[in-house]
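Good morning, and thank you for making time for this item.

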Amino acid sequence: KLLVTIVISVAFAGVFIASINLGQVADSLRDANYVLVVPALGLFALSVAFRSLRWRAFLLGTIDLSWRALLPSVLIGYAGNNLLPLRAGELVRAEYLYEHLGVPRMRTFGALLMERLFDGLVLATFVLWGLLIVDSGAGYLTIGLVLLVGAVTGFVFCTAVANRPGL
């Protein structure tokens, strides 16, 4: 099983390397401005820490974990989403939380749902503000409002169901 996985990985790595121009890659790496890498890594670390805090808030109703305990699961989810199709890293995150921290899988999936709804709410707000600033027309504004109303409705519904499971 491990041998098959390694063979498949090497084959896809070979296809990837064959499809790129290594000279252009070397030129790009040589000409890159690495001064920006340090602040970018700092912002990424801050982003992951805040996401861990958000996960702590999502799970706080039944499980009290520190953001530091949740940090590996967030990073594992990121890595899985980069390596696996269809955001399957979220499944890897759920399994990690279950195996290492004892978080029930359905609790993790509920937190994932709330995270997606929260992200949709933030995205809808950004889209709406962008449409208002640009003044792109009533049709786009209607789509933005529908997106916002859908995200708010989903968020409110899921919050109500989470707080009153007997509904």
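Please bear in mind throughout that the model is predicted.

As to geometry, H5 covers residues 89–101 and H6 covers residues 105–134; their axes come within 9 Å and cross at roughly 140 degrees. That angle makes H5 oblique to H6. The crossing in which H5 passes H6 is right-handed.

Let us stay with H5 and turn to its other partner here, H4. Helix H4 spans residues 67–83, and its axis and that of H5 come within 7 Å, crossing at roughly 150 degrees. Are the two oblique or roughly antiparallel? Angles over 145 degrees count as roughly antiparallel, and H4 and H5 are therefore roughly antiparallel to each other. H4 passes H5 in a right-handed crossing.

On the H4 side, the contact with H5 involves Ala 69, Leu 70, Pro 72, Ser 73, Val 74, Ile 76, Gly 77, Gly 80 and Asn 81. Facing them in H5 are Gly 89, Glu 90, Val 92, Arg 93, Tyr 96, Leu 97 and Leu 101. The classes in this contact of H4 with H5 are nine nonpolar, five polar and two charged residues.

Now back to H6, this time with H3. Their axes lie 10 Å apart, and H3 and H6 pack at an angle of about 120 degrees. This makes H3 oblique to H6. The crossing of H3 and H6 is right-handed. H3 contributes Arg 51, Arg 54, Trp 55, Phe 58 and Leu 59 to the contact, while H6 contributes Arg 107, Thr 108, Ala 111, Leu 112, Met 114, Glu 115, Phe 118 and Asp 119. Seven nonpolar, one polar and five charged residues make up the contact of H3 with H6.

Finally, the largest pocket, which holds about 390 Å³ of space. Which residues lie nearest its centre? Of the 15 residues in the lining, they are Arg 107, Gly 110, Met 114, Cys 158 and Ala 162. Helix H3 (37–59), H6 and helix H7 (138–163) each supply at least two residues of the lining. The largest share, six residues, comes from H6. By class, the lining of the largest pocket has ten nonpolar, four polar and one charged residues.

How values were computed. Residues are numbered from 1 along each chain as its sequence is written. This is a predicted model: local features need pLDDT of at least 70, side-chain atom pairs count only at pLDDT 80 or more; totals for chains, interfaces and linings use all residues. Side-chain values use heavy atoms; hydrogens and water are left out. Axes are lines fitted to C-alpha atoms, for helices over the stretch in contact, and angles run from 0 to 180 degrees between N-to-C directions. Helices (H or I, at least four residues) and strands (E, at least two) are DSSP runs, numbered from the N terminus. Angles under 35 degrees count as roughly parallel, over 145 as roughly antiparallel, 65 to 115 as roughly perpendicular and the rest as oblique. A crossing is left-handed if the near helix is turned anticlockwise from the far one by less than a right angle, and right-handed if clockwise. On a 1 Å grid over the protein atoms alone, a cavity is a set of points where a 1.4 Å probe fits but cannot get out, and a pocket is an open set with protein on both sides within 12 Å along at least five of seven lines; lining residues have an atom within 4 Å of a point. Grid points are joined across faces, edges and corners, and a volume is the space filled by probe spheres set on the points. Ala, Val, Leu, Ile, Met, Phe, Trp, Tyr, Cys and Pro count as nonpolar, Asp, Glu, Lys and Arg as charged, and the others, Gly among them, as polar. Contact means heavy atoms within 4.5 Å.
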